[in-house]
Amino acid sequence: MSRNTKINVLLLLVVAALAVLPLALGLGDHKEEPFTGSDGEAETAITEIEPDYKPWFSPLYEPPSGEIESALFSLQAALGAGVLAYYFGLHRGRRQGEQRALERARAGEEPKADKV
C-alpha cells in the first residue's frame, strides 16, 4: 500500500469516527433536539441573556417545516459542491492539456486538431 493510500484511508477513518462517535456516545441525549444547527443554539442563548431582545431583520422566506429547511440546506450544499468540483476539474483539465502540449512541443510533434 502506498503512502498516499494509507493517508487517505486514515483520513476516511477519522471522518467516519467524527460522524459516528457523537451518536455512539449519546452526546446530546439530554437535549430536546440534540443536533440542531448553531442558529438555534444562538437564539436560545440570546433569549436567556436578554429575554426582551427583538431581531433586527426577519427571514425573506420561512420554510413550513424543518424537513423542508433541511432539504433546502442540503440542496444549497450540493450546488456549492458541484460548483467547486467543476472549478477544480476544469483547472486540472487545463493543466493536463498544457502539459500534454508542452510534451508534444518538446518531442517536435505537430499540434493535433481537436475532434468534434
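A nonpolar patch joins side chains of Val, Leu, Ile, Met, Phe, Trp or Tyr that lie within 5 Å, from residues with over 30% relative accessible area and no salt bridge. The legends below describe a predicted model.

View 1. Leu79 counts as exposed because its relative accessibility is 55%, and exposed means over 50%.

**View 2. Negative charge gathers in a surface patch.** Four residues are named here: Asp39, Glu43, Glu62 and Glu69. Glu62 sits in a loop. That loop runs between helix H2 (38–49) and helix H3 (66–107). Is Glu62 buried or exposed? Glu62 is exposed, because its relative accessibility is 56% and the cut-off is over 50%.

**View 3. One aromatic pair is present in the structure.** Tyr87 and Phe88 form the pair. Their ring centres lie 5.4 Å apart. The angle between the planes is 70 degrees. The pair therefore counts as edge-to-face, a class for planes over 60 degrees apart. The partners can also be described by their accessibility. Tyr87 has a relative accessible area of 45%, so Tyr87 is partly exposed. Phe88 has a relative accessible area of 55%, so Phe88 is exposed.

**View 4. The whole protein has three helices and zero strands.** Along the sequence, the pattern reads α-α-α. The protein has 116 residues, and 2% of them count as buried. Buried means under 20% relative accessible area. The protein exposes about 11200 Å². Carbon and sulfur atoms supply 62% of that area.

Methods: Residues are numbered from 1 along each chain as its sequence is written. This is a predicted model: local features need pLDDT of at least 70, side-chain atom pairs count only at pLDDT 80 or more; totals for chains, interfaces and linings use all residues. Side-chain values use heavy atoms; hydrogens and water are left out. Patches are made of residues with over 30% relative accessible area and no salt bridge: like charges are joined within 9 Å, nonpolar side chains (Val, Leu, Ile, Met, Phe, Trp, Tyr) within 5 Å. Accessible areas come from the Shrake-Rupley method with a 1.4 Å probe; for residues, only the protein chains shown count as cover. A salt bridge is a side-chain nitrogen of Lys or Arg within 4 Å of a carboxyl oxygen of Asp or Glu. Lys and Arg count as positive and Asp and Glu as negative; His and the chain ends are not counted. The place of a charge is taken as NZ of Lys, CZ of Arg, CG of Asp or CD of Glu. Helices (H or I, at least four residues) and strands (E, at least two) are DSSP runs, numbered from the N terminus. Buried means under 20% relative accessible area, exposed over 50%, partly exposed in between (1.4 Å probe, protein chains only). Rings of Phe, Tyr and Trp (its six-membered ring) pair if their centres lie within 6.5 Å; planes under 30 degrees apart count as stacked, over 60 as edge-to-face and the rest as tilted.
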